[in-house]
Amino acid sequence: MAATITDNHLLTAALDLAGHDMHIFPLKPNSKVPALTHDWEGRATINPATIERCWATGAFNIGVACGPSGLYVLDLDTPKPDTPPPASPFDDPSITTGADALAQLALLNAEPYPGDVMTVITGRGGEHLYFRQPESAALRNTAGKLGYLIDTRGVGGYVVGPGSVVNGRPYRATFLAEPAPLPAWIRRLLDPPKRLAPAGPPPRYRSPSKYADAVLRGELDKVLSAKPGTRNDTLNRVAFTLGTHITRGTLPTDLIERALTEVAHRLGGDVTKSLDTINNGLSAGMQKGAAQ
C-alpha cells in the first residue's frame, strides 16, 4: 500500500530538510542505498512538489546530497568488530569513537570542540556534524584523513538524513541549527601546507639569545626523549609551541623548521607523517600566537 502524505513521517522530515536548503533524494527503505538508479546527486532537490510525489509512493529513507546543499559533514563513526586499533596520536584507551578522536584533534590544536552545530545521531551511535563548505572550495569526501573513525562527506557524497531508519535503527537530530562554517583549523588539517624538505647542513642551533636557545633545546629534547607511541603527539605539541615563539619573535622560522626537520629524520619511522605533523603544528601555533 502506498504511503500517504498525511501519515508518512519520512515525508515530513524530507520537507523539513528541503526547507533548510538541503537537497535530498530517496534512499531505499530501511537502507543507506540510493533508490535512484543513476545521478542521485544531480536529481537531488528542494522542490516540495517533487518530494511529495516521490515520498507518497513509499517510505523512502532520506539522502542529503552534500555537494548541491553546500554542506561538508564530519562523519564520526563507532568501531566495528574488524576496525583496526588507532595509531598515534589516537592510541589512548579513552579514544574509542570518532567523536573522541575529534576531541583529541581539537586538544592538540588548542581549539574548542566543534560541537555547537547541527548534529545527527546515526543508527550505530555515531554522529554527523553539519558544516558549510568553505567559500571558494569544493571539498570532497575523505576516509580517515582527519583521524581515527573520522570520515567526511562533501562534493560527490551524501549522508543519511534524520528521520531515516536503517536496519531498524533511527537517525535522529539532537541539535537543530543552520550549518555552521567549517572551522579554519579543520580546513587546515584537510589541506595542510606542503611538507618541509631537509635544507642544507644540520643546524647548529645558534639562537638570538640565551633564552631562545634554552627554549629551542628544551622543546627538541621533549621530542627526542618521548617514548615510542607518543612521539608524533609530542612532535605536534612541540611544533605548536615553537610556532607561537615565531610570532613572538623569539626564534626565526628557518631555524625552527631546520631543527624540527632534522629531528624528524633522526627519529626515523614514517618521516613523511612527521613532516606533516610539523607543518600542522607550526601553522596552528603561529595562528594562535598571532591571535594573542
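This report describes the aromatic ring pairs and the surroundings of one threonine in a predicted model.

Local features require pLDDT of at least 70 and side-chain atom pairs pLDDT 80 or more, while totals for chains, interfaces and linings use all residues. Residues are numbered from 1 along each chain as its sequence is written, and side-chain values use heavy atoms, without hydrogens and water.

Rings of Phe, Tyr and Trp (its six-membered ring) pair if their centres lie within 6.5 Å; planes under 30 degrees apart are stacked, over 60 edge-to-face, and the rest tilted.

Trp-40 belongs to helix H2 (residues 40-43) and Tyr-158 to strand S8 (residues 158-160), so their pair ties together parts 118 residues apart in sequence. Helices (H or I, at least four residues) and strands (E, at least two) are DSSP runs numbered from the N terminus. Ring pairs also join Phe-25 with Trp-40 and Tyr-158 in a cluster.

Buried denotes under 20% relative accessible area, exposed over 50%, and partly exposed in between (1.4 Å probe, protein chains only). Trp-40 is buried at 18%, whereas Tyr-158 is partly exposed at 21%. Trp-55 and Phe-60 are both buried.

Thr-119, in strand S4 (residues 119-121), is buried at 6% relative accessibility. A polar atom of its side chain lies 2.9 Å from the backbone oxygen of Val-117. Beyond four places in sequence, Thr-119 touches (heavy atoms within 4.5 Å) residues including Glu-127, His-128, Arg-172 and Phe-175.

Note on methods: A polar contact is a pair of N or O atoms within 3.5 Å; within protein, one must be able to donate a hydrogen and the other to accept it, and residues adjacent in sequence count only if both atoms are side-chain atoms.
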